[in-house]
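Come along as I look things up one by one.

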Amino acid sequence: MTTPLAFPELLRLIDERSGAFRAAVASAPSLDVRVPSCPEWTLFRLVEHLGGGDRFWAAVVAAGPADAPSADAAATRATVHAPRERNALVAWLADSTQALLDALREAGPERGCWTWWGASRTPQHSGGVARHRVQETAVHTYDAQLALGTTQPLPEAAALDGVDEFLNTCVATTSAWPHKPAVLDFHATDGEGHSWRLTLDADGARPEGAPGTADVSVHGTAGDLVLFLYNRVPATSLRIDGDRGLLDLLRAWEPEE
């Protein structure tokens with residue numbers, strides 16, 4: 001396990017990764033280049049997705065505690081329209097990210113807001129939004145770089161936080177695991193060698209567990225673990241010990257909550 005990053009560091013990483021994304025867009029031979037990790041998407045569509053997401057979450061955070069996205073957030077999502085001219089597009093993405101950062105700074109780390117991960121272990125507040133947007137921005141920056149053949153490792157801080165954030169936000173649930181109980185371990189081979197354990201059973205999925213041997217252990221750099229969890233790199237990019245089929249079952253699982 002790792003200690004979640006402090007709120008100012010999360011904001012810094014959102015800003016830094018958005019800048020790296022914009023640099024990739026500025027250097028691309030065409031905005032119509034295909035993005036291999038996002039089938040059917042062009043680089044332009046990827047920019048529109050990330051910038052639209054920034055604007056949507058800015059509106060969600062600004063609205064405060066709610067049971068659903070605000071009318072402003074819903075309208076923002078429905079009317080995303082990025083400019084096609086390259087310089088204008090890069091500026092539009094910069095403005096989108098700035099809107100998100102401004103909303104997060106105004107709210108602070110603990111202001112409640114709607115989130116789609118209501119049943120997970122990640123709090124439904126602005127800090128949880130900031131933490132998840134770091135990963136969204138980091139992974140989509142990788143997508144943009146991949147489209148250009150210029151991929152770079154995820155920043156260490158974002159990568160280490162990313163494994164824990166994914167397990168707590170995208171995996172954790174109280175819905176019963178529909179298969180035989182299992183324990184999965186994820187081990188970072190870089191940095192200080194952090195590890196994460198995921199327990200799957202009738203009580204759901206939770207990023208914790210008792211000591212003992214895991215049914216499957218996944219080893220790789222923290223960045224590669226994040227990209228694997230987001231289905232960006234294949235299992236062959238990692239060392240996997242144990243029952244590989246559990247990873248396929250986990251990826252295919254659609255909990256009720």
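Predicted model: local features only at pLDDT ≥ 70, side-chain atom pairs only at ≥ 80, totals over all residues.

**Entry 1: helix H7.** Seven of the eight residues in H7 are buried, so I noted the helix as mostly covered. The buried ones are Ala222, Gly223, Leu225, Val226, Leu227, Phe228 and Leu229. What covers these buried residues of H7? I found that the cover includes helix H5 (126–148), H6, E1, E2, E4 and helix H8 (245–252). H7 itself spans residues 222–229 and lies across E1, E2 and strand E4 (216–220). Its direction runs at about 135 degrees to E1. Just past the end of H7, I stopped at Asn231, which takes a positive phi of about 60 degrees.

**Entry 2: strand E4.** Next I turned to E4, one of the strands that H7 lies across. Is E4 mostly covered or mostly open? I wrote down that it is mostly covered, with five of its five residues buried. I then checked each face of the strand. Val216, Val218 and Gly220 are buried on one side, and Ser217 and His219 are buried on the other.

I also looked up the partners of E4. With E1, the pairing is parallel and is made over five bridges. Here His187 stands opposite His219 in E4. With E5, the strand runs antiparallel, and four bridges join the two. Among the residues involved, Ser217 has Asp241 in E5 as its bridge partner.

**Entry 3: the whole sheet.** In what order do the five strands of the open sheet come? I read the order as E3-E2-E1-E4-E5, and the pairing is mixed. Strand E3 (204–206) and strand E5 (239–242) are the edge strands, each pairing on one side only. From one strand to the next, the twist averages 15 degrees.

At the E3 end, I looked at its pairing with strand E2 (residues 195–201). These two pair in the antiparallel sense over three bridges. Thr199 has Arg206 in E3 as its bridge partner. Helix H6 (residues 156–171) packs on the sheet, where I saw it touching strand E1 (182–188), E2 and E3. The direction of H6 makes about 15 degrees with that of E2.

**Entry 4: two packed helices.** Then I moved to helix H2 (residues 43–63) and helix H3 (residues 71–78). At what angle do they pack? I noted about 175 degrees, with the axes 8 Å apart. Angles over 145 degrees count as roughly antiparallel, so H2 is roughly antiparallel to H3. On the H2 side of the contact I listed Arg55, Phe56, Ala59 and Val60, and on the H3 side Asp72, Ala73, Thr76 and Arg77. Sorted by type, the residues of this contact are four nonpolar, one polar and three charged.

**Entry 5: Cys38.** Is Cys38 buried or exposed? Its relative accessible area is 9%, so I put it down as buried. Leaving out residues up to four places away in sequence, Cys38 touches Leu46, Asp143 and Arg232. I also checked Ala91, which is 53 residues from Cys38 along the chain, and found their C-alpha atoms separated by 23 Å.

Notes:
Residues numbered from 1 in each chain as written. Heavy atoms only, no water. Axes fitted to C-alpha atoms, helices over the stretch in contact; angles between N-to-C directions. Parallel < 35°, antiparallel > 145°, perpendicular 65-115°, else oblique. Contact = heavy atoms within 4.5 Å. Nonpolar A, V, L, I, M, F, W, Y, C, P; charged D, E, K, R; others polar. Pairing = 2+ DSSP bridges. Buried < 20%, exposed > 50% of the residue type's maximum accessible area, 1.4 Å probe, protein only.
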